[in-house]
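Colleague: I'm new to reading models like this one. Could you walk me through it, feature by feature?

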Amino acid sequence: MMVLAFHVKVTFVAAPIACCLAFWQNQRHRAMAIGLLWAVGALGGLALLQWWTKGAYLFQAQLANTPSLWTKPIDMLTRPLTSSPFWMLALLFFHRSQRKLLSAPESLYCLCSLIVAGVTSTNPGSSWNYLMEFYGAIALLTVRALNSLPTKELTWQLGALLLCHALFSLLHTSYFMAKDVQKVIAYVPAYQRARSRLAVLLRDHPRLLIFGSSAGMDALLSFGKANLLDLPDELAERSQALMRQALQAGSIDMVLFGDDLKPWHGR
Amino acid sequence: MSLRQSVALLKGCQKIAIGLMVLHAIGVLVVWVWALSRPHMVEPIEIRVANLIALWREGYLPYGFADRLPAVWNPYGFVYEWLCSLRWGTLHPYWNGRLLSIMAAMLTALCLLLWSHQQTGSIKGGVVATLLLLTAKPIFAFGHLCRVDMLGVALSMLGFV
């Protein structure tokens, strides 16, 4: 499973590292076996894919992903404290009263996923999704904490913190989800305009290329067609050169540019 | 207020908290189902991922040096994209991706229930942890999208437990 996760996205390495560290304390052979099996599956698979794609697999993974924002980890690592303060407080509270939780495998998983999130978040496009695995690990730690409540007093305090968290979350989630839904609703007219324009154009020009328009690309996808060009903004010049080449060679019928989906003729 | 009254109040707190978190989870699931039904993107990165899935479906290997068409940026592994490209009831370009992410979120919940059951034989702790997980911003905002992350989290956690 952890090998498959690595082949979903190469940043999913926290779980195998945490497993090895957790077993290293008592069962060194098991830790080494897990590490070795994972390395064979993940890195062997990576080598195979590199060979199959003639080196393009790793080229793609690092393209436009170069670390550049070295202050971003500070922002990323403090986000759980500001977006789930009462949950984090409850866990800190547990850690204080139950020292053995600190060495629990789930704590190691939290630490590893937080380090991975910190390191990978230095790329400019990083967002909240970099903290997903950390929250998964935190949830696992919460299970252990809840299952080992030592005193009744702690249960009451936890109840109070849970209530604060639930109230906070209702407001927090409603606010962000309402904002997201509003954005989607505001986007629909642009998508529908692009769809009607493409419906006409696709009859005579089945091989279309869209450049610089999300709504246009979205509309093209809705007709079951892929856009053959989608490079990051940093490579805009290369995109234009490729479009020019394709137009000259006649491998595409038309390039549509910008949100108005105007024809692009190579200038 | 007597000690007995305070105890009763705090026990009530727990029940109210769980009730509110169930309400929260229902709200999140409603938005997720609404998003699943949308035939267009609900978050910008979805377009890039859906385009990669469409390329897989058209028989292209979406890994290249961006020196000829198709020239796309694909920083992800093949597992999610390839799974989504299989024709299992595609209603719109984002359907498979979003459905797979929601199924991965359910798998994550199952991990928490399993983890709790392994430790105490009861799933109560796992249920509370699942409700808590749904309150995390990365999960409620990204857990249902046509993006690779939720599947990666679910597989990692499944491997860990």
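Predicted model: local features only at pLDDT ≥ 70, side-chain atom pairs only at ≥ 80, totals over all residues.

Colleague: Okay. How many residues of chain A are in contact with chain B?

Modeller: Two residues count as in contact if their C-beta atoms, placed from the backbone, lie within 7 Å. Here 75 residues of chain A are in contact with 78 residues of chain B.

Colleague: Which element supplies the largest share of that side of chain A?

Modeller: Elements are DSSP runs numbered from the N terminus: helices are H or I with at least four residues, strands are E with at least two. Several of them supply at least two residues each to the side of chain A that touches chain B, including helix 1 (2–8), helix 8 (132–147) and helix 11 (236–249) of chain A. The largest share, 18 residues, comes from helix 9 of chain A.

Colleague: And what classes of residue has that side?

Modeller: It has 50 nonpolar, 18 polar and seven charged residues. Ala, Val, Leu, Ile, Met, Phe, Trp, Tyr, Cys and Pro count as nonpolar, Asp, Glu, Lys and Arg as charged, and the others, Gly among them, as polar.

Colleague: Now the strands. How do I read a sheet?

Modeller: Strands of a sheet pair through backbone hydrogen bonds, either parallel or antiparallel. Two strands pair if DSSP finds at least two bridges between them. In chain A, an open sheet of three strands has the order 1-3-4, with mixed pairing. Strand 1 and strand 4 of chain A are the edge strands, each pairing on one side only.

Colleague: Which way do the pairs run, parallel or antiparallel?

Modeller: Strand 1 (residues 208–211) and strand 3 (residues 254–257) of chain A are parallel, with four bridges. For instance, Ile210(A) has Leu256(A) as its bridge partner, and Phe211(A) has Phe257(A). Strand 3 and strand 4 (residues 262–264) of chain A run antiparallel, joined by three bridges. There, Leu256(A) stands opposite Pro263(A). The hairpin of these two strands has four residues between them, and Gly258(A) takes a positive phi near 75 degrees.

Colleague: Is strand 1 of chain A covered on one face or both?

Modeller: Both: Leu208(A) and Ile210(A) on one side, and Leu209(A) and Phe211(A) on the other, are all buried. Buried means 20 or more other C-beta atoms within 10 Å of the residue's own, exposed means 12 or fewer, and partly exposed is in between, with C-beta atoms placed from the backbone.

Colleague: Where do strands of the two chains pair?

Modeller: Strand 2 of chain A joins strand 1 (residues 71–72) of chain B through two bridges, running parallel. Asp230(A) stands opposite Val72(B) there.

Colleague: Last one: what does chain B look like overall?

Modeller: Chain B has seven helices and one strand, in the pattern α-α-β-α-α-α-α-α along the sequence. Its C-alpha trace spans about 75 × 30 × 25 Å along its principal axes. Buried residues make up 55% of its 161 residues.

Key: Residues numbered from 1 in each chain as written. Chains lettered and ligands numbered in written order.
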